[in-house]
Amino acid sequence: MIDKIDLEILRMLQEDARVTNGAIARSTGMATSAIFERIKKLKALGVIRGYRIDLEPRMLGMGLLAYVFVKVKIRPGQPDTALLLAEIPEVQEVHHIAGEDCLMVKIWAPDTGTLGDLMTEHIHCLEDVQSTRTTIVLKTVKDTTELPLTYVGEKGKK
């Protein structure tokens with residue numbers, strides 16, 4: 001069960017994953033050891049999946065963000081196309097989606113030429129890929145990994 005203290009811990013960790021247990025303890029009025037145990041519990045429950053660094057792709061030479069919608073032919077016994085796409089280093093996310101297409105893939109690349117090569121050499125050559133549609137992002141208004149914690153009730157779900 002996730003309570004108000006757990007939500008405060010999660011809020012603080014989402015804001016800054018490097019926040020110390022001592023700082024969380026001071027904010028919540030609890031002992032540092034109690035915070036440590038709560039974080040340990042949240043990890044064991046799978047609520048906290050890990051800690052990551054948030055890199056700016058453009059500062060690392062990847063100035064093009066694209067979403068590729070992939071239609072696949074699903075055949076029993078064949079390799080899962082989503083798993084094959086997930087192995088491509090430039091691919092950040094792969095989602096199985098409802099609708100006309102089967103998969104939505106998020107890709108960061110340096111430029112359109114590199115994206116085109118990636119599409120030709122790694123995506124279109126996959127046996128079960130029937131077609132793709134690519135959307136290039138012109139401007140990002142919001143990009144966050146923080147989840148709204150307002151939907152979590154006293155029993156963990158609302």
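## Helix 1 and its packing

Helix 1 packs through its buried residues against helix 2 (21-28) and helix 3. Contact here means heavy atoms within 4.5 Å. This is a predicted model, in which local features need pLDDT of at least 70, side-chain atom pairs count only at pLDDT 80 or more, and totals for chains, interfaces and linings use all residues. Residues are numbered from 1 along each chain as its sequence is written, and side-chain values use heavy atoms, with hydrogens and water left out.

The buried residues of helix 1 are Asp6, Leu7, Ile9, Leu10, Met12 and Leu13. Buried means under 20% relative accessible area, exposed over 50%, and partly exposed in between (1.4 Å probe, protein chains only). Helices (H or I, at least four residues) and strands (E, at least two) are DSSP runs, numbered from the N terminus.

## Extent and cap of helix 1

Helix 1 covers residues 4-15, 12 residues in total, and reaches 16 Å from its first C-alpha to its last, close to the 16 Å expected at 1.5 Å a residue. The expected span is 1.5 Å times one less than the number of residues.

At the N-terminal end, Asp3 caps helix 1, with a side-chain oxygen 3.1 Å from the backbone nitrogen of Ile5.

## Thr32

Thr32 belongs to helix 3 and is partly exposed, at 39% relative accessibility. Leaving aside residues up to four places away in sequence, Thr32 touches Asn21, Gly22 and Ala25. From Thr32 to His96 there are 64 residues in sequence and 41 Å in space, C-alpha to C-alpha.

## Leu60

Leu60 lies in the loop between helix 3 (32-44) and strand 1 (64-72). Leu60 is exposed, with a relative accessible area of 52%.

Note on methods
Polar contact = N/O pair within 3.5 Å; in protein donor to acceptor, adjacent residues only side chain to side chain.
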